Structures are given as structure tokens and as C-alpha cells.
Amino acid sequence: MKRSTLITLCTVLLMASCEKDPENNNTSPSNGTYAYVLNEGVWGYNNAEISRINITDGAIETDWFSQANGRGLGDVAQDLIHYGNKLYATVYMSNTIEVVDPATGKSIKQIDMGNRGPRYMASYNGKVYVTCYDKSVVRIDTTTLTIEATCPLSGMQPEQLCADEGKLYVCNSWQRDNGGNSIYDSTLSVVDIATFTEIAKLTLRTEDGTLAVNPGKIKANDQHQMIVSCAGDYDAHPAVTIRFNPYANTPFQKNDIAVTNFDLYHNDLYAYATTYDAEWNPSIQIFHNSTPILQTYSHILSNAYSININPANGDIYICNSPYGANGDIYCFSNGETKLRWQVEAGIYPSKVIF
């Protein structure tokens, strides 16, 4: 889906988040030896892939999924999660969810999503929840691997979601009007998991009442705070990141940094912020909370496409995905933030999971 820097600016490509779940065993069959990389691929080329990395030394099996199955993953991989003893990948243009054995890479089942346009996933109490561009959340039963129910949403195109305290919080992002113009939402849909219905919409604002526009990325920390990254409308409303606790009736708080992408580790924020010059050349800053880190590597990582933290040890993984070429995975040690290893992955690596 990433066809040019300008299109990347105007298209929200996001990664999923879910509440810590006692059933969600985020370790590989080899006691945490492996991480899995989602390679998005190029729109229309049917070349999405899942790679597997040995996290000790960075040795990579780039075509891990296709080698195991004799076929590719599909057209534009959007999200990847590890839940229970399975991997789940949404493949947006192919309209499928691929369920994969993390030990072998073999496909367990390919779930047909019709023309829904599956985007991002969260797991909760034995179910996987999927946002779809038909403006719905779909519930997948992880035993039968079938679509169990659908919850219509009243916002614009849904992107990332997270699960917390029996509810789903879904980012309503943007869409095109009848004239082909981009219009932007500023709400989260709240879905009650027990009844699987949308029960509320939260309008996102900063402390001064300004709308936070085009929400796309969301995670919940252990204090039930929601951290939401809003991409803005590339005009009057700039990008902004806010946090709030929906249960404590606290006001929205604006983060010091408008982050492009982020992850959480022990409630700390690890993020990068991408900016562009007049000729759309990108540059980034990487942060731990509000403190800049990895400044020596910023120029190398100007095409950062994701940041993910190994929940077992806090190591930082950054996918760097330049246009039209294979991307690289950089692994930095937690604390010292030194480069442990770097490895070339597939086309547009967009997420690392553990």
C-alpha cells in the first residue's frame, strides 16, 4: 500500500493493539527464540509475506510463510497478531484472514472476509476482533476459526482498536465524500463486548477543546489510559497524540510529541515522529516517553514504518521501509539502546510480533 511518500502521508496505515490477555501467549514455540515480521508488500502485486527472525542473532527466514505453503500471503498484509497458539494476519486487498501455525508457518485456515476490507485486530477472552472498511468490527471464534458476529459502527473507516475492561475502543479515521475529497473523523467508537454493540462515541479533543482529527493508532496501558495517535487533516488540524482514562472522567491530555507510531513497554511510551521537508523528504526522531533516543541512527531510520518492543526484555525493533525496496529490521537493546543487529526483511516490513 505504500506507493510513495506523499501517499504515505495521506493514507493511514496502522498497526493493531490489544489488552494484555491471560489467554494470549505472546511467545513462540521455541521459548521466545523467534519474532515474526509482517511484510506488507506492494498494492496489486500479491507479494505480502511473513518472515521469521531468530531474535538472538537476527538470522531471518524471509519467505517463511510462502516456503511453508507454496503460495504467497496475498495482496497488502495489514496486521499480524499472536494469540494463543496461532498467528493471525489480515490481508486487506485479498479480503482474507490467514491463520498460521507459528511453529511451522503452515496455514491452518484462510478465512474469507468477502468484500469487508479487514484492517486491524485485537484479542480478548478467546476471540479475535477485526476492524473492517465496511464500517464494522467482526468477531472471530478462535476455536472454529469462523466469523461469529458483526458489529456495525457509525463512524468513518475504522483502523486500530484495543480491548480494555470488557470494551473495544475503535479509531474512526477518514473517508472520501461523493466528490472524492478526504473528510476526517475525530471519534472513538466504544463497543460493549458482552452485547457486541456500539454503545457510545467519544469525541477526541486536546485540553483547549481543539478537535483531535483522524485517529488511527490506539493502545491501552495497565492504568486503563488510552493513548491515541491522530494523524490530523494535513491542513488546519495538525497531528496530535492524546491520552485519557475513559473510566475516571479525566480530561484529555496532549502528549509532548505528536507521534507517528508507537508501542508501550511497562507503560512507557516508545515512539517515533516523522516530519517532511518542502520536497517531502522524511526525517524522524525516536523517543522514550518524551526523551530523544537513538539519535545516532535517526538519519538511517528516516523511512521508519513501525516500532515494536519485545515484551520479554524491552528490546526495540524498528522496521525501516524505503520506497520500492526490501526493508530492514533494526534491533536495539533496551536501556543501553545499542544496535544489537540489523537484517534485511521483505517488501515494506510493517510490524514485528513476539
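Figure 1. His224 counts as partly exposed because its relative accessibility is 24%; buried means under 20% relative accessible area, exposed over 50%, and partly exposed in between (1.4 Å probe, protein chains only). The structure is a predicted model, in which local features need pLDDT of at least 70 and side-chain atom pairs count only at pLDDT 80 or more, while totals for chains, interfaces and linings use all residues. Residues are numbered from 1 along each chain as its sequence is written, and side-chain values use heavy atoms, with hydrogens and water left out. His224 belongs to the loop between strand S16 (215-220) and strand S17 (226-230); strands (E, at least two residues) are DSSP runs, numbered from the N terminus. Although His224 is not a glycine, its phi is positive, at about 65°.

**Figure 2. Asn289 and its positive phi.** The phi of Asn289, a residue other than glycine, is near 55°. Asn289 is placed in the loop between strand S22 (282-288) and strand S23 (291-293). With 32% relative accessibility, Asn289 counts as partly exposed.

**Figure 3. Asn172 and its surroundings.** Asn172 is part of strand S13 (residues 167-176). A relative accessibility of 0% is why Asn172 counts as buried. The side chains of Asn172 and Ser189 are joined by a polar contact of 3.0 Å. A polar contact is a pair of N or O atoms within 3.5 Å; within protein, one must be able to donate a hydrogen and the other to accept it, and residues adjacent in sequence count only if both atoms are side-chain atoms. Neighbours within four places in sequence being left aside, the residues in contact with Asn172 (heavy atoms within 4.5 Å) include Gly155, Met156, Asp185, Leu188, Lys201 and Pro215.

**Figure 4. Ser321 between two strands.** Ser321 is found in the loop between strand S25 (316-320) and strand S26 (326-332). Ser321 counts as buried, because its relative accessibility is 0%. At 2.8 Å, the side chain of Ser321 reaches the backbone oxygen of Pro349. Ser321 and Glu40 are 281 residues apart along the chain, and their C-alpha atoms are separated by 10.0 Å.

**Figure 5. The whole chain as the setting of the views.** Two helices (H or I, at least four residues) and 28 strands occur in the chain. Of the 354 residues in the chain, 56% are buried. Along the principal axes, the C-alpha atoms fill a box of roughly 50 × 50 × 40 Å.
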